[in-house]
Amino acid sequence: MRESKLFCALPEYICTPDGMAIDKYDNLVLSCPNFAQDDMSGCVVKINKEGVVTKWFDVPVHPETGVARNMGIDFDENWNVYLCDNQGWSEKPELLFKGRVLKVEVDDAGHIFKTTVVAKNMEHPNGIRIKNGYMYVTQSYMHPAKREDGKLVSGVYRFKLDDAEIDVKNDLTDEHLFATFVTSDPNCQYGADGIAFDSKGDLYVGNFGDGEIYKLELDAEGNLKSNTPFAKNASQLQSTDGMIFDQDDNLYIADFSANAIAMVTPDGKVQRIAQSPDCTGLDGGLDQPGEPIVWNGRIIASCFDLVTGPDKVNTKHEMPATLAELPL
């Protein structure tokens, strides 16, 4: 097992860190939905190699709710920022079905020139990856599509980079619904979450509640050829939150429920490579990791540190929020 250590403690204006990306200057860019405090809205920060954190911009709020809850993040080739604004994550009635996918055109100093609502009225937009002119977005809940057997349906949506104001229906009739998944575990009905492309252009999606990775093969036009189970080992991987590939197509996954990081090799073998007990994160522990990223020869993990329950190692939220690191 690899030993994690503290990469940095985050400023007090961050209470819940989540998705990550690397900018054109090789800074780590962190998306912070700040779910732990209702009066604290979402922001995006930049972090240099020494762990110095600088706020980049506050995410434009939803006009009805007055907050932003940005989770997944990615860049297009022009370095515009795309964010999953997961308004309904808390499941508060007034926030349900107000999720958005945002395109933010912003300069290096954090001045926002334009914000485009790519998609709106989503139930639970979570992770995002951009490839060949499209964005692929996981939606962890699709309650209107729930099956007769009661099992949860979730999915991946595909939008063009220049799409705007798409009204998502959150059911199986959505023309932008690219792939669907069913979560079988009755104790953790939470679906599509982590999402990543490998070097061959195949798309991988984690079904959170089942702790299972699916492989989606795309044709030359980006259409879905197949959607098949790829990797699962309950003893090594309990849940599948954010995930990322390294240059050798090893897949690193945040095991949110188990306070762990797992690695899946290209042949589908699953191995837990690091794990922490319940902790504050300040000791370098994995304090409910939400997403890993490979950066400068190491793995950085954001510590979400918020959700509790019988299937979670985490027992409470603490400040300051933290990022952990592991050797690659």
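Two strands pair if DSSP finds at least two bridges between them. Strands (E, at least two residues) and helices (H or I, at least four) are DSSP runs, numbered from the N terminus. The views below show a predicted model, in which local features need pLDDT of at least 70, side-chain atom pairs count only at pLDDT 80 or more, and totals for chains, interfaces and linings use all residues. Residues are numbered from 1 along each chain as its sequence is written, and side-chain values use heavy atoms, with hydrogens and water left out.

**View 1**
β23 and β24 run antiparallel and are joined by six bridges. Pro 289 has Cys 303 of β24 as its bridge partner. The two strands form a hairpin with two residues between them. In that turn, Asn 296 has a positive phi of about 55 degrees. β24 also pairs with β25 (residues 322–327), again in the antiparallel sense, over five bridges. Here the bridge partner of Arg 298 is Pro 327 in β25.

**View 1. Both faces of β24 are covered.**
Buried means under 20% relative accessible area, exposed means over 50%, and partly exposed lies in between (1.4 Å probe, protein chains only). Six of the six residues of β24 (residues 298–303) are buried, so the strand is largely enclosed by the rest of the structure. One side carries Arg 298, Ile 300 and Ser 302. The other carries Ile 299, Ala 301 and Cys 303.

**View 2. An open sheet is built from four strands.**
The order is β15-β16-β17-β18, and the pairing is antiparallel. Why is one side of β15 and of β18 left without a neighbour in the sheet? β15 (192–197) and β18 (224–232) stand at the edges, each with a single partner strand, so one side of each has no neighbour there.

**View 4**
Four bridges pair β15 with β16 in the antiparallel sense. Ile 195 has Val 205 of β16 as its bridge partner. These two strands form a hairpin with five residues between them, and Gly 201 in the turn has a positive phi of about 90 degrees. β16 (residues 203–207) and β17 (residues 212–218) run antiparallel, joined by five bridges. Gly 206 has Ile 213 of β17 as its bridge partner, and Asn 207 stands opposite Glu 212. Their hairpin has four residues between the strands, and Gly 211 takes a positive phi near 60 degrees. Five of the five residues of β16 are buried. Leu 203, Val 205 and Asn 207 lie on one side, with Tyr 204 and Gly 206 on the other.

**View 3. The largest nonpolar core has 19 residues.**
A nonpolar core is a set of buried Ala, Val, Leu, Ile, Met, Phe, Trp, Tyr and Cys residues joined through side-chain atoms within 4.5 Å. Val 101, Met 135, Val 137 and Phe 159 have the most contacts inside the largest core. Strands β7 (81–85), β9 (112–122), β10 (125–131), β11 (134–139) and β12 (152–160) each supply at least two of its residues. A second, separate core has 17 residues, including Cys 8, Cys 32, Cys 43 and Ile 47.

**View 4. Leu 10 lies in the loop between β1 and β2.**
Is Leu 10 buried or exposed? Leu 10 is buried, with a relative accessible area of 4%. The largest pocket holds about 470 Å³ of space.
On a 1 Å grid over the protein atoms alone, a pocket is an open set of points with protein on both sides within 12 Å along at least five of seven lines, and lining residues have an atom within 4 Å of a point. Grid points are joined across faces, edges and corners, and a volume is the space filled by probe spheres set on the points. The lining has 25 residues, of which Asp 74, Arg 129, Ile 130, Phe 197 and Ile 244 lie nearest the centre. β23 gives the largest share, four residues.

How values were computed: 1 Å grid on protein atoms, 1.4 Å probe; cavity = no way out; pocket = protein on both sides within 12 Å on 5 of 7 lines; lining within 4 Å.
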